[in-house]
Amino acid sequence: QVQLVESGGGKVQAGGSLRLSCAASGIFSSMNAMGWYRRAPGKERELVARITSGGGTNYADFVKGRFAISRDNTKNRVNLQMNSLKPEDTAVYSCTAVWTDTNGRREFTSWGQGTQVTVSS
């Protein structure tokens, strides 16, 4: 099983920046794609950014040019640098990781508990 712990959420004014971090721990044979999703009040959860084990990234259109995802494979950590934040970025941000068990046969997905990001105008 893999546990994910996020940190770095908080409150910021529009135009400001925040950096989210997520650390994975547990027993697994490989850590595959990692990413961030968010859920705003009254809305469905949506993908923010995703990064593969090889460093390939993809972003939601609404964060392109403002957010940057990165990972440290030696520490099983994924980060999300959020710049030029807007009030509409207010949401609970959750980390996710796809990993392979020690048998190397099955993939699982783990989720963090979420961290609140609030952007005021």
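This is a predicted model: local features need pLDDT of at least 70, side-chain atom pairs count only at pLDDT 80 or more; totals for chains, interfaces and linings use all residues.
β4 is largely enclosed by the rest of the structure, because seven of its 10 residues are buried. In a regular strand, side chains alternate between the two faces of the sheet.

The largest nonpolar core holds 30 residues. Trp36, Leu80, Met82 and Tyr93 touch the most other members of this core. At least two core residues come from each of β1 (2–7), β3 (18–26), β4 (30–39), β5 (46–51), β7 (67–72), β8 (77–82), β9 (91–100) and β11 (115–120). β9 gives the most, with five residues.

Leu80 illustrates the packing. Neighbours within four places in sequence are set aside here. Leu80 then contacts Leu18, Arg19 and Leu20, as well as Trp36. Val48 and Ala49 are also in contact with Leu80. So are Phe67, Ala68 and Ile69, together with Tyr93. Two of these partners, Trp36 and Tyr93, are also among the core residues that touch the most other members.

Aromatic rings were examined next. A pair of aromatic rings is described by the distance of the centres and the angle of the planes. A search of the whole structure finds two aromatic pairs. One of them joins Trp99 and Phe108. Their ring centres lie 4.9 Å apart, with 25 degrees between the planes, and the pair is stacked. Trp99 has a relative accessibility of 4%, so it counts as buried under the 20% cut-off. Phe108 has a relative accessible area of 28%, which means that it is partly exposed.

Arg45 is placed over two aromatic rings. Its charged end sits over the ring of Tyr37, 5.8 Å from the ring centre. Arg45 also lies over the face of Trp111, at 4.0 Å from the centre of that ring.

Definitions and conventions
Residues are numbered from 1 along each chain as its sequence is written. Side-chain values use heavy atoms; hydrogens and water are left out. A nonpolar core is a set of buried Ala, Val, Leu, Ile, Met, Phe, Trp, Tyr and Cys residues joined through side-chain atoms within 4.5 Å. Buried means under 20% relative accessible area, exposed over 50%, partly exposed in between (1.4 Å probe, protein chains only). Helices (H or I, at least four residues) and strands (E, at least two) are DSSP runs, numbered from the N terminus. Contact means heavy atoms within 4.5 Å. Rings of Phe, Tyr and Trp (its six-membered ring) pair if their centres lie within 6.5 Å; planes under 30 degrees apart count as stacked, over 60 as edge-to-face and the rest as tilted. A charge sits over a ring if NZ of Lys or CZ of Arg is within 6 Å of the ring centre and within 35 degrees of the ring normal.
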